[in-house]
Amino acid sequence: MSLDDSFPTDLASALALIIAQRQALSMAEARASAAENEAKFRALVIEKLDYTIKKLRHEQFGQSSERSALLDQLELQLSDLQEDAAQAETTAVAETISVPSFERRKPARRPLPDHLPRERIVYPAPSVCPCCGDSSQGYAKLARM
């Protein structure tokens, strides 16, 4: 498909394409704005709950069971909202990050330099294993392969 095939040839279909793209853009902007407003609202609720908890802690001198229950409920609600806000942030960050693919290259294997000493060790097949000292037939079979 060439570049010329992707564009409409008549004016009516070009206008329809432009209108559709504008609508898609406005819907995307509305979703982004709604998500931003939701995050701001969540931050305000968290701030209000935090302030209320601090105020109740300050007034806790004549502690009653009702106040401590309310305080516990507010602390639970605050921790839930903070957890939701953190999950929303990580989800938003995860959606925007794109990582390019990575292809591991094989290392270039070059011959050893000429100045390094080379030593070749050859073990006869029916001998003892140099690592463990085993003289079983398994090593001899392995060496013959």
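1. Contacts. Among contacts in the protein chain with a separation of 6 or more, 35% are between residues 24 or more positions apart. The coordinates in question are those of a predicted model.

2. Secondary structure. The protein chain contains three helices and zero strands. Followed along the sequence, these elements give the pattern α-α-α.

3. Burial and surface. The protein chain has 145 residues, of which 10% count as buried, that is, have under 20% relative accessible area.

4. For the largest pocket, the computed volume is about 220 Å³. Two or more residues of its lining come from each of α1 (11–58) and α2 (65–96). The largest share belongs to α1, with six residues.

5. Pocket lining. Which residues line the largest pocket? The lining consists of Ala 35, Glu 38, Ala 39, Arg 42, Ala 43, Ile 46, Ala 85, Ala 88, Glu 89 and Ala 92.

6. How many residues of each class does the lining of the largest pocket have? Seven are nonpolar and three are charged, while no polar residue is present. Glu 38, Arg 42 and Glu 89 are among the lining residues, and Glu and Arg count as charged. Ala and Ile, by contrast, count as nonpolar; Ala 35 and Ile 46 are among the residues that line the largest pocket.

Technical notes. Residues are numbered from 1 along each chain as its sequence is written. This is a predicted model: local features need pLDDT of at least 70, side-chain atom pairs count only at pLDDT 80 or more; totals for chains, interfaces and linings use all residues. Side-chain values use heavy atoms; hydrogens and water are left out. On a 1 Å grid over the protein atoms alone, a cavity is a set of points where a 1.4 Å probe fits but cannot get out, and a pocket is an open set with protein on both sides within 12 Å along at least five of seven lines; lining residues have an atom within 4 Å of a point. Grid points are joined across faces, edges and corners, and a volume is the space filled by probe spheres set on the points. Helices (H or I, at least four residues) and strands (E, at least two) are DSSP runs, numbered from the N terminus. Buried means under 20% relative accessible area, exposed over 50%, partly exposed in between (1.4 Å probe, protein chains only). Contact means heavy atoms within 4.5 Å.
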